[in-house]
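Come and look along with me!

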Amino acid sequence: MKTKNEMKLSFPSKSCNESFARAAVAAFVMNLDPTVEELSDLKTAVSEAVTNCIVHGYRRGAGTVFITAKIFEDNRVVVKIRDRGCGIEDVKQAMQPLFTTAPDEERAGLGFAVMQSFCDAVRVSSKPQKGTTVTLEKYIAV
């Protein structure tokens, strides 16, 4: 499928940048004229993925969050959120609802479940000590 548009973005892994990431991705998909629900779903999924980079990937330390987004001819939006943090030992376990690596911070362990409920597809690839990439796919109705 041919790409209609794409963007790349990177920013420091600070919690104040989570809202920036949401807004940037939302602005990027606006030319597709998404419904309020479609836009809200995508923004929420992006927020969860960016928060995972900050809280779990970098363990609130310094790092960079990378986002690439593409819009395809079939109105499919693919957003990749990546960190170069600690990585995930067991992706399958990490994607289970209520699993968290930060229980002392009162984390619910629902980030991946939220992403899956708001996107058409979610893929996670990770290598310990190398980082994690979360790929979100969302179709915007025509």
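**Rings.** I counted one aromatic pair, taking rings of Phe, Tyr and Trp (its six-membered ring) as paired if their centres lie within 6.5 Å. Phenylalanine 11 and phenylalanine 20 form this pair, edge-to-face, at 5.8 Å centre to centre and 85° between the planes; planes under 30 degrees apart would be stacked, over 60 edge-to-face, and the rest tilted. Phenylalanine 11 is buried at 5% relative accessible area, while phenylalanine 20 is partly exposed at 39% (buried is under 20%, exposed over 50%, partly exposed in between, with a 1.4 Å probe and protein chains only).

**Ground rules.** I noted that this is a predicted model, where local features need pLDDT of at least 70, side-chain atom pairs count only at pLDDT 80 or more, and totals for chains, interfaces and linings use all residues. Residues are numbered from 1 along each chain as its sequence is written, and side-chain values use heavy atoms, leaving out hydrogens and water.

**Charges.** I found the charged end of arginine 76 over the ring of phenylalanine 72, 4.3 Å from its centre. The charged end of arginine 82 sits over the ring of phenylalanine 66, also 4.3 Å from the centre. My rule was NZ of Lys or CZ of Arg within 6 Å of the ring centre and within 35 degrees of the ring normal.

**Helix α1.** I looked up its buried residues: Ala21, Ala24, Val25, Ala26, Phe28 and Val29. They pack against β1, α2, β2 and β3, with contact meaning heavy atoms within 4.5 Å. Helices (H or I, at least four residues) and strands (E, at least two) are DSSP runs, numbered from the N terminus.
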